[in-house]
Amino acid sequence: MEALGQIGHFGTGTLGYLIPFLFVLTTVVFFHELGHFLVARWCGVKVKAFSIGFGPELIGFNDRRGTRWKISAIPLGGYVKFFGDEDVASTPDHAALDSLSEDERRDTFFGKTVWQRAAIVAAGPFANFLLSIVIFATIFTLYGREVTTARVDQVVPGSVAEEAGFKPGDLILSIDGSRIDTFNDLQRIVSTSADLPLAVVIERGGQQLTLSATPQRREVTDRFGNVHRIGQLGLSRDASGSNVKVERFSFPQALVMGAQETWFVVDRTFAYIGGLFAGRESTDELGGPIRVAQVSGQVATLGFAALVNLAAVLSVSIGLLNLFPVPMLDGGHLLFYAIEAIRGRPLSARAQDIGFRIGLAAVVMLMLFTTWNDIVHLTSL
């Protein structure tokens, strides 16, 4: 299978980007591949290699079951290679499989039932989602959450909010049916809903009213100089000490919140993809390894907790990306297994080979496109 508290501050040079990037990516990739590995072992599949990175091996060891655990030279992913695989993408080696005895074939990935193979494949993305939930939950437990009441303090003159009828003192209750508990909840939905009409339920003078407002897309620059195009209504909050508090949570409560946070990332990702097809969003926001390295270095300056939070977000993204039904990705394998379960037999070797070639081309094109975006983004800073 294949996958693409503050403890000091990292430097701003090359190592200041490289070390946080390797920490974030290695953590996410390790747990993705560990999901594949553990379920494969549980299903009785012999695992030949567990690698973090691609290319030549830098360091490694063999465990008592013969699996080679290693770190490889190109730290842009990782893989688990099973007995009977032709390559790291788990393409079947049909010649080798045909030469195996019946007992040997039972130790291969392709000797398992379609449901076992599907479970092994799905375990990688599942591990990514689980990792994100645990990270978010841990952060909520250790640090709590700083919240500001979702009450409007000021309405920017001439803004979308003023046109929609918002007034100082309004308490935001929900947006498009989603409950709003804090001003941060409001900001997150509005910022990712540019050009989309929103139904906002407010409380004013003891009565509930529904206002319709469409966030206006604007360019804002963060503290690192990165430009983001987000939605804004023109509402501000009262950030005085009396209006800001830190909520603390037990770990069970934090787990629920971690699951909600993970779902929020998934939901916003699908919303962005939908916006791409609708022409509302720009492909400029798509980034590759260079962008991840840059963001990792920037976030690391905010502290270890912020960097781990980034790892959680990236883990959701990688888990979701791998579920896309593209051959070469986990979702492509699952698509083939779904077809096999329906037909009662797998697709022909030729059909699968064509699918993998198409998938490889799609993945390579995506990587080239995101890398080009990264280069353009860096040169524009």
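Predicted model: local features only at pLDDT ≥ 70, side-chain atom pairs only at ≥ 80, totals over all residues.
1. Helix α8 covers residues 289-300. Buried residues in α8 are Arg-291, Ala-293, Gln-294, Ser-296, Gly-297, Gln-298, Val-299 and Ala-300.

2. Helix α4 (residues 114-143) pairs with helix α10 (residues 330-343), their axes coming within 9 Å and crossing at roughly 160 degrees. Because of that angle, α4 counts as roughly antiparallel to α10. The crossing of α4 and α10 is left-handed.

3. On the α4 side of this pairing, the contact residues are Val-114, Trp-115, Arg-117, Ala-118, Val-121, Ala-122 and Pro-125. They meet Asp-330, His-333, Leu-334, Tyr-337, Glu-340 and Ala-341 of α10. The contact of α4 with α10 holds 9 nonpolar, 1 polar and 3 charged residues.

4. Helix α4 also pairs with helix α9 (residues 304-322); the axes come within 8 Å and cross at roughly 155 degrees. Angles over 145 degrees count as roughly antiparallel, so α4 and α9 fall in that class. The crossing of α4 and α9 is left-handed.

5. In the contact with α9, α4 contributes residues including Asn-128, Phe-129, Leu-131, Ile-135, Phe-136, Ile-139 and Tyr-143. Among the α9 residues they meet are Ala-305, Val-308, Ala-312, Val-316, Gly-319 and Leu-320. By class, the contact of α4 with α9 has 15 nonpolar, 6 polar and no charged residues.

6. Pro-125 of α4 is listed in the contact with α10 and in the contact with α9.

Technical notes: Residues numbered from 1 in each chain as written. Heavy atoms only, no water. Helix = DSSP H or I, 4+ residues; strand = E, 2+ residues; numbered from the N terminus. Expected span 1.5 Å × (residues − 1). Buried < 20%, exposed > 50% of the residue type's maximum accessible area, 1.4 Å probe, protein only. Axes fitted to C-alpha atoms, helices over the stretch in contact; angles between N-to-C directions. Parallel < 35°, antiparallel > 145°, perpendicular 65-115°, else oblique. Left-handed = near helix turned anticlockwise from the far one by under 90°. Contact = heavy atoms within 4.5 Å. Nonpolar A, V, L, I, M, F, W, Y, C, P; charged D, E, K, R; others polar.
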